[in-house]
Amino acid sequence: MEIANSHAQSQRVLKQRNLLVAIAGVLAALTAILFLMVATRDREIVLQPILRSPLTISSAGVSREYLEMVTRDAAVLTLDRSPSNLEYWMKSVLDITAPSAQGRLKADLLKIVNEQRGSSIAQFFAIQSMKLDPDNLTSDVTGDLHTIVGSKVVSKDRRTFRFKWKYSGVSLQLVGFGMVSKAEEGDQ
């Protein structure tokens, strides 16, 4: 009888062990699946309202509202300058620029800094409208570009500037910007 009891108890322990291994396997598979879901899930950051409503940034892509806000700030930053803030201006533009575009953009900005240093020429830009393309990561800003020499406004011209962006993770970075020619404006 003892052999039969011993055998029955061994079978129960074996069944319990096999059940425990099966449960551990299911839990390991579930943990792996959950880890993959978390690792590949789009990240979002909710920013406090700066414009009309709260703003959500997602790694899935750029929202129209976020592109508008960043473009507005970048337009003011890049197009408003005076001889007294040239170093800060260049550093600030480079801070929002993608690392891959910084070399080329810095060379262009240095030309402007060298031309404008020591002069009394300043400029500011009054935004009139924006055309945003979140899919192609471009934004066109139209407005009046005012040029001031000394304390006198010498010109006020309606201009359109195009900003090109790179979106990586949840970071929107400037790749380039420049004035849009009349021919390019007509093509759109």
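Is arginine 117 buried, partly exposed or exposed? I found it partly exposed, with a relative accessible area of 45%. On this scale buried means under 20% relative accessible area, exposed means over 50%, and partly exposed lies in between (1.4 Å probe, protein chains only).

**Ground rules.** I am working with a predicted model, where local features need pLDDT of at least 70, side-chain atom pairs count only at pLDDT 80 or more, and totals for chains, interfaces and linings use all residues. Residues are numbered from 1 along each chain as its sequence is written, and side-chain values use heavy atoms, with hydrogens and water left out.

**Salt bridges.** I counted six salt bridges, taking one to be a side-chain nitrogen of Lys or Arg within 4 Å of a carboxyl oxygen of Asp or Glu. Arginine 117 pairs with glutamate 87, and their closest N and O atoms are 2.4 Å apart. Arginine 117 sits in the loop between α4 and β3 and glutamate 87 in helix α3, so this pair ties together parts that are 30 residues apart in sequence. (Helices, H or I with at least four residues, and strands, E with at least two, are DSSP runs numbered from the N terminus.) Glutamate 87 is partly exposed too, at 48% relative accessibility.

Next I looked at lysine 91, which bridges to aspartate 95 with 3.0 Å between the closest N and O atoms. The two are four residues apart in helix α3, about one helical turn. Aspartate 95 counts as exposed, at 53%.

I also noted arginine 158 with aspartate 144, at 2.8 Å from N to O. Arginine 158 is in strand β5 and aspartate 144 in strand β4, so the pair links parts that are 14 residues apart in sequence. Aspartate 144 is buried at 10%, whereas arginine 158 is partly exposed at 46%.

**Strand β4, continued.** Aspartate 140 is in β4, residues 138–149. It is buried, with a relative accessible area of 7%. Its side chain makes a polar contact of 2.8 Å with the side chain of arginine 162. (A polar contact is a pair of N or O atoms within 3.5 Å; within protein, one must be able to donate a hydrogen and the other to accept it, and residues adjacent in sequence count only if both atoms are side-chain atoms.)

**Core.** Which residues touch the most other members of the largest nonpolar core? They are Phe163, Trp165 and Leu172, out of 27 residues. Such a core is a set of buried Ala, Val, Leu, Ile, Met, Phe, Trp, Tyr and Cys residues joined through side-chain atoms within 4.5 Å. Helix α2 gives the most to this core, with six residues. Not counting residues up to four places away in sequence, phenylalanine 163 touches several residues, including Thr71, Ala74, Leu137 and Phe177; contact here means heavy atoms within 4.5 Å.

**Record check.** An unreviewed UniProt entry lists residues 19–39 as "transmembrane region". UniProt positions follow the numbering used here, feature names are shortened, and annotations may be inferred rather than shown by experiment. In the model, residues 19–39 are 100% helix and 0% strand, with the end C-alpha atoms 30 Å apart.
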